[in-house]
Amino acid sequence: RKNALVFSIVLITVPSALMGLLPTYKTWGFIAPICLILLRMVQGLSVGGQLAGSYVLSIEQSSANNRGFRGSVCDASSVGGFLLASSVSTVVRYVFTEEQVDAWAWRVPFLFSIVLAPILYFIVKQTGESKHWEQGKENKKTEKTIRENKHEEKSALSDLLSSPFRRRQLMGMIFVLAPLTSSYYMIFLWAPVYLSELRGLLSEADATCMNVVVISCYIFLLLIYGKLSDQFPHRMDLIRIGLLGIIVAAPAMYGMYESESVVGYFLGQLQYAACLSLFQGGMAAWKVELWMS
């Protein structure tokens, strides 16, 4: 699994650097946006594998009393990467003019990823596998031997879908992750575009700067609610409370965007982020525990 994490770093860094070097539509025509979409797909694939792997590596090595916090650290680290990207983007928008950003400076955040790759590689290489994984490898060898003797070896996907219980687990996880993912993109990706480009309420630089502040608060709250989830008898109780919160917070955010006040815009986005962090705080531990049970 550690090798898979190392490989995922390569799959994140290389497409990011290539996007920074990608010719424009004027040079390559319709091939340029196609290449951009393909590079983004590779990025998404690698991020999904890396985050899931970090969940398991971290939570397997923790106790039942701190799994929520350890899982929230993984989520906070993931959002921290987004915070770093947003910070670099904010600096670029304040340092360069709008014409320079449109012409060439938009490439700077993508090329900046090359600097981070060696640091991530060093961190992952220093991480060891958990004792649960080593025991699992031995059990898997024994299981494989038994299956070979019985000529009944199944693929992981077949094993997952052949069990009604695991199919229910999978569908439940999908329905829980849907509001999390959609809310995340709505707050941190769509909201700055909505405030700046669509409504013209803020400049792109100011909207991105406000987004950086909200993301910082979100990371802090994630860690708090992750720790809080360890105090709940059932982590799903905290997730349910957070779900009710984001159902109310989403329309409230857009209502506060009509306040014609920068403070109102900020508080609208912040209250949505607070509810989302409550929803996500103990979710990493819950997802791992769901498949450990």
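Predicted model: local features only at pLDDT ≥ 70, side-chain atom pairs only at ≥ 80, totals over all residues.
The protein chain of the model contains 13 helices and 0 strands. Read from the N terminus, its order of elements is α-α-α-α-α-α-α-α-α-α-α-α-α. The chain has 293 residues, of which 36% are counted as buried. Among contacts in the protein chain with a separation of 6 or more, 75% are made by residues 24 or more positions apart.

Two helix pairs were examined. In the first, helix H9 spans residues 164-198, and its axis comes within 10 Å of the axis of H12, the two crossing at roughly 160°. An angle over 145 degrees counts as roughly antiparallel, and H9 and H12 are therefore roughly antiparallel to each other. The crossing of H9 past H12 is left-handed. On the H9 side, the residues that meet H12 include Val176, Pro179, Leu180, Ser183, Tyr184 and Met186, together with Ile187, Phe188, Ala191 and Leu195. H12 contributes Tyr265, Gln269, Tyr272, Ala273, Leu276, Phe279 and Gln280 to this contact. By class, the residues of the contact of H9 with H12 are 14 nonpolar and 3 polar, with no charged residues.

In the second pair, helix H4 (residues 67-95) packs with helix H10 (residues 204-229) at an angle of about 170°, and their axes are 9 Å apart. H4 is thus roughly antiparallel to H10. The contact of H4 with H10 comprises 15 nonpolar, 12 polar and 5 charged residues.

Glutamine 280 belongs to helix H12, which covers residues 262-280. This residue is one of those in H12 that meet H9. Glutamine 280 has a relative accessible area of 8% and is classed as buried, because the limit for that class is under 20%. Apart from residues up to four places away in sequence, glutamine 280 touches Asp75, Leu180, Tyr218 and Leu222. Of these, Leu180 is also listed among the H9 residues in the contact with H12.

Proline 15 lies in helix H1, residues 2-21. With a relative accessibility of 4%, proline 15 counts as buried. Its contacts, not counting residues up to four places away in sequence, are Val10, Leu39, Val42 and Gln43. The C-alpha atom of proline 15 is separated by 7.3 Å from that of arginine 40, although the two residues are 25 residues apart along the chain.

Valine 288 is located in helix H13, residues 283-292. The relative accessible area of valine 288 is 9%, so this residue is buried. Leaving aside neighbours within four places in sequence, valine 288 is in contact with Tyr55, Val56 and Ile59. A separation of 9.4 Å was computed between the C-alpha atoms of valine 288 and arginine 67, which are 221 residues apart along the chain.

The cysteines were considered last. A disulfide is a covalent bond between the sulfur atoms of two cysteines. With a pair of cysteine sulfur atoms required to be within 2.5 Å, the count for the model is 0 disulfides. Cysteine 35 has a relative accessibility of 22% and therefore counts as partly exposed. Cysteine 209 is also partly exposed, because its relative accessibility is 32%.

Methods. Residues numbered from 1 in each chain as written. Heavy atoms only, no water. Buried < 20%, exposed > 50% of the residue type's maximum accessible area, 1.4 Å probe, protein only. Helix = DSSP H or I, 4+ residues; strand = E, 2+ residues; numbered from the N terminus. Contact = heavy atoms within 4.5 Å. Axes fitted to C-alpha atoms, helices over the stretch in contact; angles between N-to-C directions. Parallel < 35°, antiparallel > 145°, perpendicular 65-115°, else oblique. Left-handed = near helix turned anticlockwise from the far one by under 90°. Nonpolar A, V, L, I, M, F, W, Y, C, P; charged D, E, K, R; others polar.
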